[in-house]
Structure formats: C-alpha cells, structure tokens
Amino acid sequence: MLQRVGLDAETLEKYPHEFSGGQRQRIGIARALVTHPDFVLCDEPISALDVSIQAQVVNMLEDLQQDMGLTYLFVAHDLSMVRHISHRIAVMYAGHIAEISPAKELYRHPAHPYTQALLSAIPIPNPQRARQTQRIRLQGDPPDPVAELPGCPFASRCSRCTPRCTRERPALEPVSGQHLAACFEK
Ligand code: SF4
C-alpha cells in the first residue's frame, strides 16, 4: 500500500518527524486504504499542503479511485479543486445543504444565492475577464451554528431575503434533473 501511494519500503524504518507534510498525507491515505474500503471520507485532505503537492495528492487520489473502485466524500474549501475532483457537489452553509448538483451543472447554473456568491469569489487568472466579472460581496454575519433558527440559515446575509425566508425553512427542491436547491427564490 505504501508503494501505491508513492512511498518506498524504507518508509517503515523512519520516525514521524522525518517525513514532509506531503509524505505524511500519503501515509494517512495508505492507512485509510489498507483495509480496502468501498467508501472514504476525505476531510480537507489537501488544505495544509503546498499547491504543487496538492496537485500530486489529488492526482494520486483519482488514480486510486479508478484502480480500487472507491467512492470519496471529499470535503474542501478550494472551489477550483472541488470542481476538478467532484462528480456531484453539495454546498453547505451553517451545517445545512444549500444546494446539491452534478458538478458541471452547479458551476454553470448555481441556483442558491450562497453558491452564486461563492463562485463569484473564485479568482480569474485573465485580468480582462476578471474586470468584467462582478463579485458578489456578502453583507451581515453568519448565524450562530448551535442556534435553531426557524427560517432559512442564509437569511441574515441574503440580498433576496423575504419575510417568508425568516419564518420558514426552505426544503431542498428540484431546480432541474438532479440539481436541488433550498431556496424560495431560486
Ligand atoms: S430562501 Fe430566502 S433567504 Fe434563503 S437563500 Fe433563498 S432567498 Fe435567500
């Protein structure tokens, strides 16, 4: 399994402090896969790594997925990486799913105001295109995560909020096909 994650047999003789961050992440992945699971929860697997190492680890995860027939639940904040690795994406806000969709559809047609704000914040490398694109800046504060609010969790920051949004919690409902969003104004 160490070989499958790109490490050699000498790894077994080393102490933890002798490994780089990327090597430690590979060891963590080998530990997770050594029991041959069907499903792996990857909780922020690349957030602490250099960008160059991030790409290596993600490519390795994709290869392992193909070889071992794995399903990943990949938790991440880097939207470019999420787009690269995901087949289906759930956007969460304050502990609730705001929107869930096949990956391509979500990036092309985000329906929930929070998803739209998130996607508008992705840096655009082309300066001309970046100037033409309007970034949505959210106002207000996130809700207390432990408070049980009656309405939409995003209501305190949403520019489309209506009185109904503060009274009722929107259910996840179809936008199109497998694309669902929890918003009254979608
Ligand atoms: S339900 Fe209302 S507050 Fe919630 S995201 Fe939709 S428009 Fe905004």
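Colleague: Which residues touch the most other members of the largest nonpolar core?

Modeller: This is a predicted model, in which local features need pLDDT of at least 70, side-chain atom pairs count only at pLDDT 80 or more, and totals for chains, interfaces and linings use all residues. Residues are numbered from 1 along each chain as its sequence is written. The largest nonpolar core has 18 residues, and Val 91, Ala 98, Tyr 114, Phe 154, Ala 155 and Ala 181 touch the most other members. A nonpolar core is a set of buried Ala, Val, Leu, Ile, Met, Phe, Trp, Tyr and Cys residues joined through C-beta atoms within 7 Å. Buried means 20 or more other C-beta atoms within 10 Å, exposed 12 or fewer, and partly exposed in between, with C-beta atoms placed from the backbone.

Colleague: Which element gives the most to this core?

Modeller: Strand 3, with three residues. Strand 3 (88-93), helix 5 (113-120) and strand 6 (179-181) each supply at least two. Helices (H or I, at least four residues) and strands (E, at least two) are DSSP runs, numbered from the N terminus.

Colleague: And which residues form the second core?

Modeller: That separate core has five residues, including Ile 46, Val 58, Leu 61 and Leu 64.

Colleague: Turning to the backbone, what is the phi of His 36?

Modeller: The phi of His 36 is near 55°, a positive value in a residue other than glycine. His 36 lies in the loop between helix 1 (21-33) and strand 1 (39-43).

Colleague: Why does His 36 count as exposed?

Modeller: Because His 36 has 9 C-beta neighbours inside 10 Å.
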